[in-house]
Amino acid sequence: MDICANVKFLAPLRIVLIGINIIKIVVPLILIVVCMIQFVKAVVGGEEALSDAFKLVKNKFILAVSVFLVPTLMFTVLDLISNVTESESCIKNATSGNITSMATSQIDELLASKNKTADTLYQIQMLLPFVYDNAIKDTLKEQITALKKEIYEGADAPSEDDGNSGSGGSSGGSTDPKDLFQADNTKGPFEGKNIEVISNFISGNEGGNNNKDKCTVSIGPKKGESGYKVTDIEGRGIRTTAHGITNSVIGNFVDSCFDDKDYAFYFKSSNFTNGSCVPEKAFPGALKCLYSTELDYPRKFFAKHCKGYLDFDTHFNTNQKHAFIDFAHSGISFSEKAIKAYCEEYKVSKNREVAADAYFKKVFALKNGNYAIINGSWARDTTCNLIARRECEVNVYFGRGYFCAPYATTRKFIYRKYHDTANYNCKDR
C-alpha cells in the first residue's frame, strides 16, 4: 500500500502537521514581540546596543524562517521512503476528513468480502479508531455487531435452542448477556464487572460455592464475618476453598492484593488449614491477584514464542484473555505448549483464526485432566468432563458467552473438530 494512503501513517502525520501549523502562527508572533522589546532596549541603550539588537533579530529571523522549511524537509523524506511521485499528497491526505474516508472505504471493502473470518473482524476493529466522524463510526459499529453474529454464530456456534448451555457444557446459570455471562471487551480482563465474570466462570467450573461450605470466621481481624470453609482433598495433600483457590496458589496473595490488608491474614499458610474459614470479602482481591498471575504466564509465553509477530496485550481482547486464564488455571506447562502451537502456526499462515485452531487442537489433545474432584475426592476417568470445560474455553475465546459452568452436568459437544478422538470419545448427554 502507498504510504500516503496508509491511515496508520497518516494519523500521526496529521498530529505533526497540526503542531507545525500552530508553530507557524506562534513563532512569528513571538518574533514580533521579541524584536519590539529588543529595539526598545536598543533605543535606550544607544548606537552600540542598536547594532547588537539588529544581530539578535537577524538570528531570530533565520530561526523563524527555518521553521517554515520543515514541511519541505518532510516532503524530501517522504520522497525517499515512499513510491509516490508527489509527496505533497501525504500532506493533503493527512486530514481528519480524508483519513476517515480512507478508513471507511477499507472497512467497507472488508465488510463486502465473501469469506469473512475472525481475522476480518480484527482488521476492521484496528481501522475503526481512524474514523473520526462519530455518526459514521456509530453506523459502522452496528455493522460490526452484525458481522460478529455472522462469524460467531455460524456452523460451529451453539444454536438458539442450545443458548442456555453456551458451549454445550452447562445446564444452569442465567442466559442474560447483561449479567455475569458476558465480558465487557471495552475494558481490561479485571476491570469493572470483568473480574466477576471470570471468577464466576472459573468457580462454576471448579464446583462453585455451595452453601454447605458457608461458615463464620472465628479467628483473626475479621472474626464474625461470613465466609467459606477450607477443605482437605483426601489423599492429595491439597486444601481448597471457594472459587477453586488451593494452598498451592495462596503464596501469590500478598498484602497489595487487598484493599483491606487484614484479609491477607487468612491466606497465610499457617491459617489456611482444614476447617478454617476465609472471609467472603477476601475473595475479590485474592482472585484478582490469582488471575493476574495466571494471565502473566500466557503473556510471557506469547512474548517468548511469538516475538516480533504478535503482542499479547494489544492483539487479544478480554474474552480471549479470559480463555487463556482458564486454561492456565488448569496447567501452566500445558498452556505454554498450546501457545507455542498457536505461534508456530501464525508464523506460517499469518492468520489468527487458523492459529487459534492450532491452539485448541493442542489444548484438547493435552492430558492435563484425567483427574477431577468428584464428591470431595479425586477420581479417574473424568476426561470428558474436562473436555467439556475445554469447549467452554472455546466459547469464551470466540465471544459466544460464559454459560458453561458447571461443565460436568448435562452437555452437548459442539467442537468435535478439536477432539483427540484417538484417545477419547466423548458422548453427549
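I began with Cys277, which counts as buried because its relative accessibility is 11%, under the 20% cut-off. I keep in mind that this is a predicted model.

Next I looked up the partner of Cys277. Cys277 forms a disulfide with Cys215, and the two sulfur atoms are 1.9 Å apart. The torsion about this S-S bond is about 90°, so I noted the disulfide as right-handed. Is Cys215 buried or exposed? With 14% relative accessibility, Cys215 counts as buried.

I found an open sheet of three strands, in the order 1-2-5, with antiparallel pairing. Strand 1 (214–216) and strand 5 (277–279) are at the edges; each has a single partner strand, so one side of each has no neighbour in the sheet. On average, neighbouring strands of this sheet are turned by 50° against each other, direction ignored.

I then followed one pairing in detail. Strand 2, residues 226–229, pairs with strand 5 in the antiparallel sense, over three bridges. Which residue of strand 5 stands opposite Tyr228? I found Val278 there. A reminder to myself: strands of a sheet pair through backbone hydrogen bonds, either parallel or antiparallel.

**Other disulfides**

Cys306 and Cys343 form one, with sulfur atoms 2.0 Å apart. This pair also links distant parts of the chain, 37 residues apart: Cys306 is in the loop between helix 9 (283–305) and helix 10 (312–315), while Cys343 is in helix 12 (residues 332–349). The link of Cys306 and Cys343 is left-handed, with -120° about the S-S bond. Both Cys306 and Cys343 are buried.

Cys384 and Cys426 form another, their sulfur atoms 2.1 Å apart. Cys384 lies in helix 14 (residues 383–397) and Cys426 in the segment after helix 14, so this pair ties together parts that are 42 residues apart in sequence. The link of Cys384 and Cys426 is left-handed, at -90° about the S-S bond. I found both Cys384 and Cys426 buried.

My last entry is Cys392, which is buried with a relative accessible area of 0%.

Definitions and conventions
Residues are numbered from 1 along each chain as its sequence is written. This is a predicted model: local features need pLDDT of at least 70, side-chain atom pairs count only at pLDDT 80 or more; totals for chains, interfaces and linings use all residues. Side-chain values use heavy atoms; hydrogens and water are left out. Two strands pair if DSSP finds at least two bridges between them. Helices (H or I, at least four residues) and strands (E, at least two) are DSSP runs, numbered from the N terminus. Axes are lines fitted to C-alpha atoms, for helices over the stretch in contact, and angles run from 0 to 180 degrees between N-to-C directions. A disulfide is a pair of cysteine sulfur atoms within 2.5 Å. Buried means under 20% relative accessible area, exposed over 50%, partly exposed in between (1.4 Å probe, protein chains only).
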